[in-house]
Amino acid sequence: MTAAVEGLDFIALQVTDVPAAAAFFEEHLGLRRAPASPPGAVVFATSPVPFAVREPLPGTDLTGDAVPGLGVALWLRTDDAPALHARLVDAGVEVAGPVQDSPFGPMFTFTGPGGYRLTVHGG
């Protein structure tokens, strides 16, 4: 039998300031830390796929004009996209526009830690 990928198992964003990025995801998105994280990372208790912020891997340069994650679409699920949108706008988070309809429910995109563009949908 040939080995095959079953699906996503873990997602981590590489950031230059792990404590600040972790605080952003906790304070603005309500994520909660997992009971344990490896050194240099903060893992959140998300489901079905664990999510983390971590120090850059060796050889990864996050400085300069490059947009982190360019070409990758990372969507996060919420139970109330309009309420989360309002909370992020009130907190001064860079939001790319109003909540819009999508095949996955209401959605919007914002800029998170390290300049990553993240999309939220649901609710």
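Strand E4 gives the most to the lining of the largest pocket: four residues. Strands here are DSSP runs of E, at least two residues, and helices are runs of H or I, at least four, both numbered from the N terminus.

A word on the model. It is predicted, so local features need pLDDT of at least 70, side-chain atom pairs count only at pLDDT 80 or more, and totals for chains, interfaces and linings use all residues. Residues are numbered from 1 along each chain as its sequence is written, and side-chain values use heavy atoms, with hydrogens and water left out.

Now the largest pocket. It holds about 570 Å³ of space. A pocket is an open set of points on a 1 Å grid over the protein atoms alone, where a 1.4 Å probe fits, with protein on both sides within 12 Å along at least five of seven lines; lining residues have an atom within 4 Å of a point. Volume is the space filled by probe spheres set on the points, joined across faces, edges and corners.

The lining has 23 residues, and Thr46, Ser47, Trp75, Leu76 and Arg77 are the closest to the centre. Strand E4 (74-77), helix H2 (81-90) and strand E6 (117-121) each give two or more. By class, 15 are nonpolar, five polar and three charged. Nonpolar means Ala, Val, Leu, Ile, Met, Phe, Trp, Tyr, Cys and Pro; charged means Asp, Glu, Lys and Arg; the others, Gly among them, are polar.

Next, the second largest pocket, at about 260 Å³. Sixteen residues line it, with Leu13, Pro68, Gly69, Val72 and Tyr116 nearest its centre. Strands E1 (11-14) and E6 give two or more each. E1 has the largest share, four residues.
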